[in-house]
Amino acid sequence: MGYLQNQSYIIEDYQKDKPFASFLSGIAGKLGKPLWSFYINRGQAISSFGLRDKNGAILEFYPGNLAYMYTRTIGFRTFVKVNDRIHEFFKEDNKNQKMIIDRHQLMIEETNEQLGIKVEVTYYTLPNMTFAGLARKVVLKNLKKEPQSLLLVDGLAQILPAGIDYGGYKAVSNLLQSWMLALDYKDYLFYKLSASTEDTAEVKKVDFGNYYFTKQDKVKQSKYVYDYRLIFKNDSSLQLPHGLDEKNLFNGHQTHINQVPSGFTMSEFDLTESYTQVSVIGHAENRNDLETIVKTLTLKDLLSKQEENKKLHDELLDDIKTETAHPIFDAYLKQCYLDNLMRGGVPLPIETKDGFGAYHLFSRKHGDLERDYNFFSLEPRFYSQGNGNFRDVLQNRRNDLLFYPEIDDFNIYQFGSLIQADGYNPLSIEGIKFRYEGKPFGIKELDEVLKDLFSLGMIAEVLVKTPLNLEESMHQILKDSKVEFIAHFGEGYWQDHFTYLYDLIELYLAIYPDKEKKLLFDDMKYPFFKSPVDVKPRDQKYVLTKQGKVRQYDAIKHHHGQPDTWLKGRDATLRVNLIGKLITLILSKFGALDPLGIGIMYEAGKPGWNDAMNGLPGLFGSGVGETIELRKLTKFVKKLLLKYQTEPVYILKSTAELGSNLKIAKDFETRIDALEHYREVLKADQEVYEYTASSFINLIDHLDEILKEGIKKAKDLAPVIPTYLTYEAKEFEKIQKDGQDIIGDYGLPLVRVKSFELNPIVPFLEAPARYLAKLAKTEEAKEIYNAVKQSKLYDQKMKFYQTSVPLDEMPDEIGRIKAFQKGWLERESNFLHMTYKYVLSLIKAGLYDTFYDETETNFTCFMDPKVYGRSPLENSSFIVTSSNLDKTKHGQGFVARLSGSTSEMLSIWRYMFLGKDLFKVIDGNLTFELHPILRKDYFKDGKVRTNLFKTIEVEYINTSNSNTYDKGVLISHYELVKDDVREVILGSQIKGLKAEEIRNKKFNKIIAYIKKEDI
């Protein structure tokens, strides 16, 4: 398959390997406009690319299975004609081909010994340019001693003009050719529509377009080809270049209308030692700006952009630069960091009227050739930021503070604010925007932008056209602006989303333990998001099917026409402190406990983490994993209430009343009655009341005991704690009026259930992973681990974990997961995110040797590339298990890279190299202490290096060659390095001012000396 060389992954004869799909990062720098681009290991790799989303495709977007078929034909092509002999490079049956995958670029090469020519093609996006573009560098090397006279035809077989709708092109591509224009402006080709394509009364002029141009070494003659027939004649299959047999190619006729155009550069030259050209394909909003740029740019400029692109990525990934005895692991960490920031974003620290915060750059909603159901989007602006889903973005920002401590509690503030008063949250999270409250600048275009909500990209694109200093002006504007969080209800209410907020708080307090009181009690700044969607009460969603089964369908009600907004009282947005928000969460989730008080019900139409269990809400399903997380949150809040008994808790009056009702609730019915009453009360005007922390202690303690008992019940159900439960209605009655059945919104009779009967679902990996990470003590963790390992959650052949045990006995109603084949997608596959969550839980639970044993077969970087089927540096969402009927796919990864697994890996890195709590308050002093959990084989010549807070190099010197977690092994002393000054600190702890200076990144390096004491 392939091998790692200098942090590049190299695949020989790449077209003969298992097919895989991946993508370039699309990171274009602060002052660049990103382009999305996907590649495969077929043909010349790039299968599709474009601007913003699928509607901006320049090379048509195909899902993975079709991209493997079509890319060779409609993608990039390279023809060389030497001595009347025509050869097409990078055909599948050609020999001596190679693919080199880097984090910042992709390269393919082919050597033809008979022609004596080697062709190298490199793809990279253009950083810090005013337009979006994909660069394609082509280098021809002469392997013969004497020069060769040749014709080179290189480029793209199809280029779509800008403005074509993705779905429309799939449906009526033949018709849409009627609008297509390919315009040759000598220095570049411009692809546009003659007018708007909508069938409306208003016909709009189209000025924007896609472009193609080439900068090259000196040639005898060169020409752009936009009509594919000049090359292929009437071979519409684009297989055979009959046109290259013609003698007067450079005078050949081309048609620029009524067909899908191409974009080739045809050049004639003498190949001495080497020849280089760079073609750029992209999008421009207008031709005039493009023309100026094209005439100014040189080949040297475009080649320097390749180096700039590498530097941009290297600087980003140096944040997590780690050096161990396992280079492939070190490289893997960088890849995980890159993919994590692509979904969560790179936090740019900012200062606004609301205080310090973060603007997350370069993020994107995950979507690719194999995840074709997601409508991904990259904002084509300076300071690009993308959209995403609540769960995804929150998880991928979990570890931000380990690299950017200066953003303080901003992530907690953002996601805490989005929690609604009913405990749910919107799905769709957009990048933040700002509202300017300062004085006008006196610059018309800038002042116009500042009148409404704006992003950094919007003002940056104006400021670069003014004489103002960009960064100074932006800083000034932000200091006079307030932050606006933009979110939308999206597709539903998932029950697991609340569970990830605690992770942000936990890491914050590991770095800012001295700010605990301020974070939880002092800042009364958290609003409540308000979606125009309610969860229906039982009497409106419990229905009787035609088969005589009682089910829970159509569980939410949309208030169409109402906007997503914020909960208000007396015309002002209501705000509480964080402890009040957490108590709101606890009460609303506790109220949704299932009939036996074990799991939290999926009562709002969506399941939990595993989306493919979409049938669970209909089956009165509930999640034990959510109960485990709720208990962890409850224990945390109870500890805070006891510690800060006299501090204020700001909470909605109606939420406090819910708490009182839940405290006296005796059973499922009274508990749900209290919750449904609360939701109804929330529709009226609300007020925030102030209470003392002590007034909630008994309530939270009471709820904690019930949750504790519920988890015990779950553990008693099976050797492996269940993740999901379902219930069947045992006794029920129809809801009638005047003797007639009442028909609900779903079109079925409504019923009232009097009693339920438990139907457990077979074991999944999720609940054990959550329990080990959140609640298990070390001895209990060993028992759980052994039970999981001995169950069918462990794939004995592949030696990794899978989502669940076999689902054969489960009903089809549990969800689409049952429709999938075994070992595929969510069904009994190695769902890498959950596997990594489980492996992380082992190190959290103190099973250190076990953790390291499991990494050897569960981390993709240590997997066999021939089996994995792609670069082991890149994660996959799913890895096929041995239960799948297709044995050729066992161990192969699918759906690449942008998943929650990268966040779990960064958390694993934290525990391995830094430890859980970096800072504590001991005897009133801020105290810093490293707690690495490193196995001795990770040390190279007794040393391991990593980074803390981006800029502080951390070096461990382990002369005793010990596992750092072995008994008697500790840090004997530190050396703190600031520039060239070194200071020795004895012991394992650094206290007071020096600890604060570490947190403020005042040191360049920390050297920790590890020793083993005699026992």
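One aromatic cluster is formed by Phe329, Tyr836, Tyr848, Phe851, Tyr852, Phe859, Phe862, Phe913, Tyr938 and Tyr965, where rings of Phe, Tyr and Trp (its six-membered ring) are taken to pair if their centres lie within 6.5 Å. The model is predicted, with local features requiring pLDDT of at least 70 and side-chain atom pairs counted only at pLDDT 80 or more, whereas totals for chains, interfaces and linings use all residues. Residues are numbered from 1 along each chain as its sequence is written, and side-chain values use heavy atoms, with hydrogens and water left out.

Across the whole structure, the search returns 63 aromatic pairs. The rings of phenylalanine 131 and tyrosine 211 are edge-to-face, because their planes stand at 80° with the centres 5.4 Å apart; planes over 60 degrees apart count as edge-to-face, those under 30 as stacked and the rest as tilted. This pair links distant parts of the chain, since phenylalanine 131 belongs to the loop between strand E11 (117-125) and strand E12 (132-142) and tyrosine 211 to strand E16 (residues 209-216), 80 residues apart; helices (H or I, at least four residues) and strands (E, at least two) are DSSP runs numbered from the N terminus. Both phenylalanine 131 and tyrosine 211 are buried, a term that denotes under 20% relative accessible area, with exposed meaning over 50% and partly exposed in between (1.4 Å probe, protein chains only).

A stacked pair is formed by phenylalanine 919 and phenylalanine 949, with 6.5 Å from centre to centre and 5° between the planes. Here too distant parts of the chain are linked, phenylalanine 919 lying in strand E50 (residues 919-922) and phenylalanine 949 in the loop between strand E52 (943-948) and strand E53 (952-958), 30 residues apart. Phenylalanine 919 counts as buried at 1% relative accessibility, and phenylalanine 949 counts as buried at 0%.

Charged side chains also lie over aromatic faces, the criterion being NZ of Lys or CZ of Arg within 6 Å of the ring centre and within 35 degrees of the ring normal. Lysine 33 is placed over the face of phenylalanine 382 at 5.8 Å from the ring centre, and arginine 287 over the face of tyrosine 185 at 3.9 Å from the ring centre.

Turning to helix packing, the axes of helix H19 (residues 766-774) and helix H20 (residues 778-790) come within 10 Å and cross at roughly 165°, where axes are lines fitted to C-alpha atoms, for helices over the stretch in contact, and angles run from 0 to 180 degrees between N-to-C directions. H19 and H20 are therefore roughly antiparallel (angles over 145 degrees). Pro768, Tyr771 and Leu772 of H19 make the contact with Glu780, Ala781, Ile784 and Val788 of H20 (heavy atoms within 4.5 Å). H8 and helix H12 (residues 501-511) pack at an angle of about 160° with their axes 10 Å apart, which means that H8 is roughly antiparallel to H12. In this packing, Asn411, Ile412, Phe415 and Gly416 in H8 meet Leu501, Leu504, Ile505 and Tyr508 in H12.

Most residues other than glycine have a negative phi. Aspartate 408, in the loop between helix H7 (390-396) and helix H8 (410-417), has a positive phi near 55° and is buried, with a relative accessible area of 17%. Aspartate 923, in the loop between E50 and strand E51 (925-928), likewise has a positive phi near 55°, but counts as exposed at 73% relative accessibility.

Key. Parallel < 35°, antiparallel > 145°, perpendicular 65-115°, else oblique.
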